[in-house]
Amino acid sequence: MRLSRYFLPVLKETPSEAQIVSHRLMLRAGMIRQQAAGIYSWLPLGYRVLRRIEQIVHQEQERAGHIPLLMPTLQPADLWRESGRYDDYGQEMLRIQDRHKRDLLYGPTNEEMITDIFRAHVGSYKDLPLTLYHIQWKFRDEIRPRFGVMRGREFLMKDGYNFDVDREAALHAYNRHMVSYLRTYERMGLTAIPMRAASGPIGGDNTHEFLVLAQTGESEVFYDDRVTALKLGTRKVDFDNRAEVAAICEEFTSLYARTDETHDPALFDAIPETHRKVGRGIEVGQIFYFGTKYSEAMGATVATADGRRVPVEMGSHGIGVSRLLGAIIEASHDDKGIIWPEGVTPFHAGIVNLKQGDSAADAACDGLYAALAAKGLSALYDDRDERAGAKFATMDLIGLPWRITVGPRGLQKGVVELTCRRTGDSEEMSPEAAVDRLGRIYADW
Ligand code: ATP
Ligand code: MG
């Protein structure tokens, strides 16, 4: 993409309404625009990151054997009357009437609707296990929307629902989600720690939240800091192997890590003092096992192998897709701007032309752009007639992890400069070597 033809409305001034750094940087980098309290337009740069995050979520869900579908944002109130949640949910639910005076609501979550789909089409244990998920906009009329996309009213969530014949199978689905989430967050450059949680309006007794440590997080967290060193990495996981998946969950949940809701001071005090940490965290996901809470209320049953009919066992599992942009920036920025992890960056590299209009510099930039594209790498090429300092400041603000700087003086020696946004380190090399290097770096992502 040539910057001269792109739409990147960066702001020079720091917006005064933004209280935390991720919100400030998303506004300054021209990623979002607030349209009403907690409701945002996703401008092109923000939208590119949002789509990359969605894509990682899809890939990891499908790797775990979960099946994507798409349910609507508007739901009939009657489904929620069946579960009893239409009255229970309270003022966070946005209620709407259509022209026929039928009650609708803008879905805050989808347990009822997915249970309705299940009961209409599935009746036998032979069709199980089954996990369906979607990535769809939700609306919760939060009392205090704030921190930009971190606590919006309209926000994008991945929500998945497992259906299983018995408790053991449903707990395996729970574990499968935990492992798939660990890999999902790692690919976004995040350390998200599963912490035992309290269940809230979804109900259920097995539940973990995934928290990214950050000073601006809304949850107080208590943990053994050895938990932050655990990595799933690229190990191959057989998601059908119950023992293998359970062992990974054990590995990631046996060290103490809890939010204030479930904190147990006696257990916490047993951690060696050098590892005992209190901090704050951002909730980027949550998994629940709740058994037959919805299937009993809504009559979703399956025939078992021995001919009985039982309510299907269920759980639900959410990732805060739009909140993740804020969480990633909170975890990865400096005073110049955002530093995107390679896994989610909106463009793989920036190209800065130090002397626009110089025929050698222009040709070298065009050549780099094409060579990167041939490797499947996207570049944002700053081809504006601007001072070098202004071009660098824009690149630093929007946080592309790698920058190639091209100027007539370097080209006389046959070199361009490759700069790492995170470390600030620069290295001179031929344009071909720079493209090769980026190809190798991104091969691991
Ligand atoms: P919170 O405690 O932060 O209000 P929640 O526990 O009510 O969230 P869940 O029902 O667990 O939310 O939803 C799944 C995920 O969706 C959360 O882990 C979070 O990442 C994200 N999420 C929830 N509410 C919001 C919101 N208002 N804005 C952005 N993301 C949200
Ligand atoms: Mg939650």
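This is a predicted model: local features need pLDDT of at least 70, side-chain atom pairs count only at pLDDT 80 or more; totals for chains, interfaces and linings use all residues.
Residues are numbered from 1 along each chain as its sequence is written, and chains are lettered from A and ligands numbered from 1 in the order in which they are written. Local features need pLDDT of at least 70 and side-chain atom pairs count only at pLDDT 80 or more, whereas totals for chains, interfaces and linings use all residues; side-chain values use heavy atoms, with hydrogens and water left out.

Helices (H or I, at least four residues) and strands (E, at least two) are DSSP runs, numbered from the N terminus. Two strands pair if DSSP finds at least two bridges between them. Three strands form an open sheet in the order E4-E6-E5, with antiparallel pairing. Strand E4 (74–76) and strand E5 (94–97) are the edge strands, and each pairs on one side only. From one strand to the next, the twist averages 35°. This angle refers to axes, which are lines fitted to C-alpha atoms (for helices over the stretch in contact), and angles run from 0 to 180 degrees between N-to-C directions. E4 is joined to strand E6 (residues 103–106) by three bridges, and the two run antiparallel. Opposite Gln-75 stands Leu-105 in E6.

Ten antiparallel bridges pair E7 with E8. One of the bridge partners is Asn-162 in E8, which faces Thr-131. E8 is also joined to strand E16 (residues 313–320) by eight bridges, again antiparallel. Here Asp-159 has Gly-318 in E16 as its bridge partner. Ten of the eleven residues of E8 are buried, so this strand is largely enclosed by the rest of the structure. Buried means under 20% relative accessible area, exposed over 50%, and partly exposed in between (1.4 Å probe, protein chains only).

Helix H10 (residues 321–331) is likewise largely enclosed by the rest of the structure, because ten of its eleven residues are buried. Among them are Arg-323, Leu-324 and Glu-330.

Arg-151 makes several contacts (heavy atoms within 4.5 Å). Not counting residues up to four places away in sequence, Arg-151 touches Glu-142, Arg-144, Pro-145, Arg-146, Glu-218 and Arg-323. With Glu-218, there is a side-chain to side-chain polar contact of 2.9 Å. A polar contact is a pair of N or O atoms within 3.5 Å; within protein, one must be able to donate a hydrogen and the other to accept it, and residues adjacent in sequence count only if both atoms are side-chain atoms. Arg-151 lies 31 Å from Leu-267, C-alpha to C-alpha, and 116 residues from it in sequence.

A nonpolar core is a set of buried Ala, Val, Leu, Ile, Met, Phe, Trp, Tyr and Cys residues joined through side-chain atoms within 4.5 Å. The largest has 67 residues, and Met-31, Ile-53, Tyr-185, Met-188, Phe-210 and Val-284 have the most contacts inside it. Helix H6 (residues 167–187) gives the most to this core, with seven residues. At least three residues come from each of domain 1 (7–338) and domain 2 (349–443); domain bounds come from an automatic or database domain assignment. Tyr-185 touches residues including Phe-210, Val-284 and Leu-324. A second, separate core of 26 residues includes Met-113, Ile-114, Ala-300 and Val-302.

Phe-210 also takes part in strand pairing, as the bridge partner of Pro-194 in E10. Strand E9 (residues 192–196) and strand E10 (residues 206–213) pair antiparallel over five bridges. E9 is mostly covered, with four of its five residues buried.
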